Amino acid sequence: MAHLMDSSDALPQEADLRASLRMILKNAIEALGGSAGVVATWDQEERCFTPTYSFGLDERALEQLLPLLEEAVPDLAVSSQSFNALSRILGPPLPKSDQGLILDPIVALPLRVGRRSLGFIYVLRPRSCMAFSAVDQSTLNAFARQAAIAVDNAHLVHNLIEEKSRVESMLEGSAEGMMSLDGRRRLLGFNAAMERMSGHPRRQVLSLPCYHVLNFRDFEGRSICNSDRCPMVTRPDGGPSTCELQGKIQSADGQDIEVAMVYSVNRSRATGRAHSAVINVRDIKRLRETENLRSAFLSMLGHELQTPLSIIKGYTSTLARSDARWNRKTLREGLQVIEEECDRLSKLVNRLLLASRIESRTVTLKKEPVQLSVMATKVVRRLEPVTANHRFEVDFGPDFPEVYADPERMEEVLTNLVDNAIKYSPKGGRITVTGRADAGRVRVTVADEGIGIPRRELGRVFERFRRGENGQVQKVRGMGLGLYICRSIVEAHGGQIEVASEAGKGSQFTFTLPVGGGE
Ligand code: ADP
């Protein structure tokens, strides 16, 4: 995540290490009266020692010298002894220095931090010079210690930078929004997902206080930023180091976005004051919608079960009264109502079972040749008696082909669509079922002249448990499962279903099926 840690700019870089080593080596060569020297460090990736800085040796000399020196490395690594006549170990001739001298006396010491060997420092004298003494060795030791500290620091910084960029790229690539804040709640980091979610371009919001940018409020609209509910505000008890808050933030175009924010706050141990925080921001709109749908569904289900049960209970206890004698007509009517309500309950339970089988993808189709025109007429005949103020029309062309489909399921689709057409045109009107065939597909449309569907709801009517929001729809009993079931059945047959409608102007539901039944 860009700018997650701005202090990184102040960290010393590779060049600083080279500059430090150059200085240490030059001083060491000078102090020891040498004419050349090398600092070699352990390269973690290459798993070998490489010259980090050399003085007085050209590239060719260095190339010859290093493999020879490496042979001595294991000894040095364990014993830290220095040696004068390295030529005896390595074998002559040692390389020429820049000054054209054949080098021979050499002193070498490991760069050590604790028990770790980080590299070696070598100082060489021309062959004509004296061998290095014990005093020279202890002088070099002081330089070796300095160099070791410089190398160790550089490693730490390197690891820190690597770790930082690893964390940053992880956060930047995270599908969830991530922000980081300083102790004054100014935005230091704002990842790509956060930009997408909020619409705020990173460069415009960095270093602004987050409460100016996001205006975090609870679902009732009360500010969280301006209250001590913000985890960055110090409370007498210091406040939590991690917590989750849910509410709304404001997008760049002024829209509310429902989010869950998970705070990880770094606090001063002494004062409890927050000095930085990383916040994970999740868009929970869908989650909340699902929760709302679920609770609306449960209350609807309760109602849908309760109504027929109360009717059945009312009629049975009335008819069962021992102090009353019912005539045949009253008895028959009462039993008829009970039967109807039982049918309603069983239809409801069947729908729920079918919806759950669709969800778990365990619905199997038993396909056979089906005459949809005949089926449509049968469905209309069956439903016609339930309404007095609708006129029905079934219009399938004479050459309407057979389709290969599951008749029970297709009857369910037609029944749902015609039933809805009746339910959602309370003032009556014409209901037509039209069938047409073209290019290997059949199209069946159920049209009514009822209340229609507002444009904003059109895209969602096929969703599970989704019901229209206006009062006219709410007056009608339903669970929001009919169209979901229709769509699942039609799609399982390789077809599609769609709706065209306008509020107050009726609706047309059309499904298509392949003539071959999708085989
Ligand atoms: P239900 O009828 O039980 O609510 P459906 O899944 O059959 O469930 O329908 C979902 C929603 O689509 C309905 O609540 C209603 O708002 C809308 N709808 C369906 N059919 C029609 C129609 N013919 N006219 C107007 N609105 C309709």
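**Core and ligand shell**

A: L372 touches F396, F400, V403, M410, L414, V442, V444, F511 and L513, leaving out residues up to four places away in sequence; contact means heavy atoms within 4.5 Å. This is a predicted model, where local features need pLDDT of at least 70 and side-chain atom pairs pLDDT 80 or more, while totals for chains, interfaces and linings use all residues. Residues are numbered from 1 along each chain as its sequence is written, and side-chain values use heavy atoms, without hydrogens and water.

Q: Which residues touch the most other members of the largest nonpolar core?

A: A nonpolar core is a set of buried (under 20% relative accessible area, 1.4 Å probe, protein chains only) Ala, Val, Leu, Ile, Met, Phe, Trp, Tyr and Cys residues joined through side-chain atoms within 4.5 Å. Here the largest has 50 residues, and L372, M410, L414, L417, V433 and F511 touch the most other members. Helix α11 (residues 407-423) supplies the largest share of this core, seven residues; helices are DSSP runs of H or I, at least four residues, numbered from the N terminus.

Q: Which polar backbone atom is 2.9 Å from an oxygen atom of the ligand?

A: A polar contact is a pair of N or O atoms within 3.5 Å. The 2.9 Å case involves a polar backbone atom of G468.

Notes
Helix = DSSP H or I, 4+ residues; strand = E, 2+ residues; numbered from the N terminus. Polar contact = N/O pair within 3.5 Å; in protein donor to acceptor, adjacent residues only side chain to side chain.
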